[in-house]
Amino acid sequence: AAQLEDQTDTSSGGGFDYEPPAAGKTAARFIEYIELGKRKQRPYQGKERPDAEEVRLTFELVGKKHEREYEVDGETKVVNNTFTLTIPKKLNERAKFTKLFRKMAYGRDSITHMAQMLGEAFVLELFHNTTGEGKDAKTYVNLNPKGGDYVVEAPRMTDALTGETTELNVPPANRELKLFLWDNPT
């Protein structure tokens, strides 16, 4: 590795302006399910919590408001924003993971593992949470309003007047699907 690259040879700069994905409802594709193994958990109400298995879930956001253009060798390319959520993989009834799993499965009994939904489309609602003030302000994107449940729905819209349901035509993912199972690493 040291013969291939000198990682002590650094460049200056590296800063960039982060613009979070737009808040509100959007179509998305589930593109990444990565099990991260057992991780230390943050204390809750001043009490230490036991280590827990964690999982990283990534969604590619679809639509004009989530497209970013960049240039490579004079050619303009388009990439979609992504949203990544890292949460403990707890399977009890009140756990965030379980609640999110149920929302994503939206009643489909044949779905027994989150990874079975890779590549599928969903409607997400993104919420902004800003901490700090002035130049120290940071905006975080969440899938749930503060203290609320995740807002994840099937990729369909129902007309409020007619009751007619229409499936959304969500384009395929632009990025590769990624899967890593801790107990079956490949």
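Here is a walk through this predicted model, from the whole chain down to single residues. Local features are described where pLDDT is at least 70, side-chain atom pairs count only at pLDDT 80 or more, and totals for chains, interfaces and linings use all residues. Residues are numbered from 1 along each chain as its sequence is written, and side-chain values use heavy atoms, with hydrogens and water left out.

Let us begin with the overall build. Reading along the sequence gives the pattern β-β-β-β-β-α-β-β-β-β-β-β. Taken along the principal axes, the C-alpha atoms fill a box of roughly 60 × 50 × 45 Å.

Accessible areas come from the Shrake-Rupley method with a 1.4 Å probe, and for residues only the protein chains shown count as cover.

Contacts tell us how the chain comes together. Contact means heavy atoms within 4.5 Å. Among contacts between residues at least 6 apart in sequence, 59% join residues at least 24 apart. Leaving aside neighbours within four places in sequence, Pro-20 is in contact with His-128, Thr-139 and Val-141.

Now step into strand β1, where Thr-26 is found. Thr-26 counts as buried because its relative accessibility is 6%. Not counting residues up to four places away in sequence, Thr-26 touches several residues, including Leu-61, Val-62, Phe-122 and Leu-124. Glu-54 is 28 residues from Thr-26 in sequence, and their C-alpha atoms are 25 Å apart in space.

Charges come next. The chain has 27 positive and 30 negative side chains, and the centres of the two sets lie 8 Å apart. Lys and Arg count as positive and Asp and Glu as negative, with His and the chain ends not counted; the place of a charge is taken as NZ of Lys, CZ of Arg, CG of Asp or CD of Glu.

Side chains of opposite charge can pair when their charged atoms come close. The structure holds nine salt bridges, each a side-chain nitrogen of Lys or Arg within 4 Å of a carboxyl oxygen of Asp or Glu. One of them joins Glu-32 and Arg-56 (2.8 Å, N to O). This pair links distant parts of the chain, with Glu-32 in strand β1 and Arg-56 in strand β2 (residues 52–62), 24 residues apart. Glu-32 is buried at 10% relative accessibility, whereas Arg-56 is partly exposed at 29%. Another salt bridge joins Glu-48 and Lys-40 (3.4 Å, N to O); Glu-48 is exposed at 57%, and Lys-40 is exposed at 61%.

Finally, look at the surface, where Arg-42, Arg-49, Lys-90, Arg-94, Lys-96 and Lys-99 gather in a patch of positive charge. Patches are made of residues with over 30% relative accessible area and no salt bridge, with like charges joined within 9 Å and nonpolar side chains (Val, Leu, Ile, Met, Phe, Trp, Tyr) within 5 Å. Lys-90 sits in the loop between β5 (82–88) and α1 (96–105), and is partly exposed at 32% relative accessible area.

Technical notes: Helix = DSSP H or I, 4+ residues; strand = E, 2+ residues; numbered from the N terminus. Buried < 20%, exposed > 50% of the residue type's maximum accessible area, 1.4 Å probe, protein only.
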